[in-house]
Amino acid sequence: MKLIYIGAGFVGACSGGVMAEAGHDVLLYDVDQKKIEMLGSANAQTVESCLFEPSLGDLLVKNKNRIEFTHDYAKVIGALDEADAIFMCLPTPEKMGAEGSSDLSYYYQAAQTLAENLAKRNGGGQTKYVVIVNKSTVPIRMMNETETIMKSHGVINFGVVSNPEFLVEGKAVEGSARPDRVVIGAEKEDDFKVMRMVYARFYNSTGVKYIEVNPYEAAASKLLANYLLFSRLANTFSVVGRVCEIFDNIKFENVRKILMSDERIGGWGFYDSVYAGGSCFIKDAASLAHQIEEVGGTAHQVRLTLEENRFQRDHFYSRAQKEAGFSWAGKTVAVLGVAFKQNTNDVRNSPAFDIVNHLIDDGVAQIKIYDPVAAPMFKAFLPPADSRYERISYHESEEDALESSQACLILTDWPQFRLVGEKVAKICPAPYLIMDGRRMVQDQFVDLAKKGYSIIAVGSPFFKGSI
C-alpha cells in the first residue's frame, strides 16, 4: 500500500521504517530539513545522531528503496492521488503556562494544509478513497475536529481513524515491528478494511491483539494507558521507595522482589527513580485531567500522580541539605545523564533541567555534564544567551566529568553508570557526596560509605561517610 507520514519524530520515523520493512511504499514528510536529510542519509550513524533509537539506522538504510524522506510538500501533494492512508504524527505538547491543555497548532496547521490539497486530488474528482490516521496523541474528541477540517475544505471520499501508538522510547523499532496490540478506532467498515490491509501482518496474528473499536475509545485508551503506567511509577516512588528511605534495614531490591512475586500486582514499573520524565506520561496525564475537568468531572487522582512525580524530584535534591547538611555553594558537581532514560537522546521532561537550575540557584561553581548520547540535545534546549548556564561544561566520559568534583548526581539509568562507584573511589577523594537517582550503584553503598563517601539514593536511607 502507499502510505504518507506527516511528521518524522520518534513515532513517524520508527513506524514509517517498519511499514517499509513490511513491504509498503512510504513517504515521510517533515518541515525540519536537517532532520529529513539526516534520516534519509542512508547512513546508520547519521540517522542515530539525529534520533537515537536502537536499530533505527539499520532499518532505514535496509529499506531505503521503499521509504522516501522529504521536506518538500510538493512531493506530498504529488503522492495524494494514490495514497491509501495518511498518518498524522505531529507533536502535541502542552501549551505554555496551561497545564493539560494541548498545543494542537502543529496538528491543525498540518490538517488544514492536507485538507486543501486532498480536495484537489485526482484532478479534483477525489475518486481514490483515503484514510487519515491520527497516530499523534490527541484529545479524545479530536476525530470530530479532523473530520470538520476536511469537510470545510470540500474533501470527500475519506475516513478518519484513531490508531494510537503505545511505543516505548529505546524500544520503538521493536515495538513497531512486534507490538503487543494494534488498536484501530473507526466508525466505518471501509476504514477498518483499509487498516486491515495496512496491518495485514498482524490482523490474523496469534501473537498480537488486533483490537477494533470506535475512535473515541481508541483515543481514550492511549491517555488512560499512559496514566495507569505513570501512576504505577509514582506510587512506587512515593510509597514503596519512601518506606525504604525512612526505615533502616529495608533494601528496596528485596522488597521489590517480594511484591513482584504476586501475580495480582505484576512486575512492571517496580523501580525507584528520581523522576518519571519523557514526552508522554506527564503530558498525557495532564491532558487527561484537563479533558475530564473540562466536561465537569473530577480528576483528583490524576492530579495527585502529577504532584507526586514533581515531589519525588525536588525531595531527592533537597535531601543533600536536609540529611547530609551539604552545601552546593562553590562546589564543582558532576551530572551524569541528562536523557530522561537510557537508550535515547530524548531530554524532554528530563529531571536534569530542574536539578541543574537548582544547582545554579544554590551557587555551584561548575556543573560538569556527561551523557553518552543526549548532551547535545540537552544543550540545545537551554537558552543560548542565558549567562546562568555559562558554568556548565560538557565532557566525553564519566572520568572527565568526575575529575575535580566534590559531588555527583546520577540522573539517567545508562548501564555503564553501574561502574560510577568504582570510578568515584578511584578519582574523587573523600569526603564526597554521591546522589544516586537511579539506584545504579546500590550494591556498593555500604562499601563506599566505609571508605568515607556519603550516599543519598532514592529508596535508601542516608549513608553517612565523612563529608
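A disulfide is a pair of cysteine sulfur atoms within 2.5 Å. The legends below describe a predicted model, in which local features need pLDDT of at least 70, side-chain atom pairs count only at pLDDT 80 or more, and totals for chains, interfaces and linings use all residues. Residues are numbered from 1 along each chain as its sequence is written, and side-chain values use heavy atoms, with hydrogens and water left out.

**View A. Cysteines Cys-14 and Cys-50.** The sulfur of Cys-50 has its closest cysteine sulfur in Cys-14, 11 Å away, which is too far for a bond. For Cys-14, the closest cysteine sulfur belongs to Cys-89 at 10 Å, again too far for a bond. Cys-14 has a relative accessible area of 0% and is buried (buried means under 20% relative accessible area, exposed over 50%, partly exposed in between, with a 1.4 Å probe and protein chains only). Cys-50 also counts as buried, at 11% relative accessibility. Searching the whole structure gives zero disulfides.

**View B. Packing of helices H6 and H7.** Helix H6 spans residues 105-118 and helix H7 residues 142-152; their axes are 9 Å apart and the packing angle is about 40°. Helices (H or I, at least four residues) and strands (E, at least two) are DSSP runs, numbered from the N terminus. Axes are lines fitted to C-alpha atoms, for helices over the stretch in contact, and angles run from 0 to 180 degrees between N-to-C directions. H6 and H7 are therefore oblique to each other, given that angles under 35 degrees count as roughly parallel, over 145 as roughly antiparallel, 65 to 115 as roughly perpendicular and the rest as oblique. The crossing of H6 past H7 is right-handed (near helix turned clockwise from the far one by less than a right angle; left-handed if anticlockwise). On the H6 side the contact (heavy atoms within 4.5 Å) involves Tyr-107, Tyr-108, Ala-111, Gln-112, Leu-114, Ala-115 and Leu-118, and on the H7 side Met-142, Glu-145, Thr-146, Ile-149 and Met-150. Nine of the residues in the contact of H6 with H7 are nonpolar, two polar and one charged. In this classification Ala, Val, Leu, Ile, Met, Phe, Trp, Tyr, Cys and Pro count as nonpolar, Asp, Glu, Lys and Arg as charged, and the others, Gly among them, as polar.

**View C. Surroundings of Tyr-107.** Tyr-107 is part of helix H6 and is buried at 0% relative accessibility. Leaving aside residues up to four places away in sequence, Tyr-107 touches Met-88, Leu-90, Asn-134, Ser-136, Val-138, Met-142 and Thr-146. Leu-90 is 17 residues from Tyr-107 along the chain, and the C-alpha atoms of the two are separated by 5.7 Å.

**View D. Packing of helices H14 and H15.** Helix H14 (residues 300-324) and helix H15 (residues 351-361) cross at roughly 35°, and their axes come within 11 Å. H14 and H15 make a right-handed crossing. H14 contributes Arg-313, Asp-314, Phe-316 and Tyr-317 to the contact, and H15 contributes Pro-351, Asp-354, Ile-355, His-358 and Leu-359. The contact of H14 with H15 has five nonpolar, three charged and one polar residues.

View E. Asn-122, in the loop between H6 and strand S7 (130-134), has a positive phi of about 55° although it is not a glycine. Asn-122 is partly exposed, with 22% relative accessible area. Asn-349 sits in the loop between strand S11 (332-336) and H15; its phi is near 60°, also positive in a residue other than glycine. The relative accessible area of Asn-349 is 34%, partly exposed. Ala-430 and Pro-431 are joined by a cis peptide bond with omega of about 5°, and Pro-431 lies in the loop between helix H18 (420-427) and strand S15 (432-436).
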